[in-house]
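Please look over the report below, which goes with the sequence and the model shown here.

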Amino acid sequence: MRIGLGYDVHKLVTERKLILGGVEINYDKGLLGHSDADVLVHAIIDSLLGAAALGDIGTHFPDSDSTYKGVSSLELLKKVADIIDKAGFQVGNIDATIIAQNPKMAPHIKNMRENICSSLNITIDQINIKATTEEGLGFTGRGEGISSESICIIEDKPTALRTVKS
């Protein structure tokens, strides 16, 4: 069993869509970034890669590579699922938190969980997503950005399920 921790933050700006957990949320601002800037999925990616000792999101999907300009973070998560699989691991569980003063996340969490489950080919009981505010404190409390944290457990896949490395 291995444990990984991930964190991401992006600035809120006008004229960008707000996408979290692959869900487009109706809001007057969105997150600035090279991809769709989905801080939730980015934190999950970093926790998974960290648990497997395989670097981080920037190692695999650098913002200097135009291939990833505007890409859906769920597509990156699918690639990470393949990376983890080929390394001989499977996801045990993921627990993630979105930190944002606004908008309210509760109406969207079920869809976020479903999107992430689909991308990782895991069941809904293997992922938990929570949201919290910082009571008006700090950059998230002032509405300047949104951050997310993720912790995960990955486990060795049974030998019969390991992908053959070429």
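Which side chain makes a polar contact with the side chain of Ser73?

## Basis of the model

This is a predicted model, in which local features need pLDDT of at least 70 and side-chain atom pairs count only at pLDDT 80 or more, while totals for chains, interfaces and linings use all residues. Residues are numbered from 1 along each chain as its sequence is written, and side-chain values use heavy atoms, with hydrogens and water left out.

## Ser73

The partner is the side chain of His42, at 2.8 Å; a polar contact is a pair of N or O atoms within 3.5 Å, where within protein one must be able to donate a hydrogen and the other to accept it, and residues adjacent in sequence count only if both atoms are side-chain atoms. Ser73 belongs to helix H3 (residues 73–86), helices being DSSP runs of H or I with at least four residues and strands runs of E with at least two, numbered from the N terminus. Ser73 is buried, at a relative accessible area of 0% (buried means under 20%, exposed over 50%, partly exposed in between, with a 1.4 Å probe and protein chains only).

## Salt bridges

There are six salt bridges, each a side-chain nitrogen of Lys or Arg within 4 Å of a carboxyl oxygen of Asp or Glu. In one of them, Lys157 joins Asp85, with the closest N and O atoms 2.2 Å apart; because Lys157 lies in the segment after E7 and Asp85 in helix H3, the pair ties together parts that are 72 residues apart in sequence. Lys157 is buried, at 6% relative accessible area, whereas Asp85 is partly exposed at 24%.
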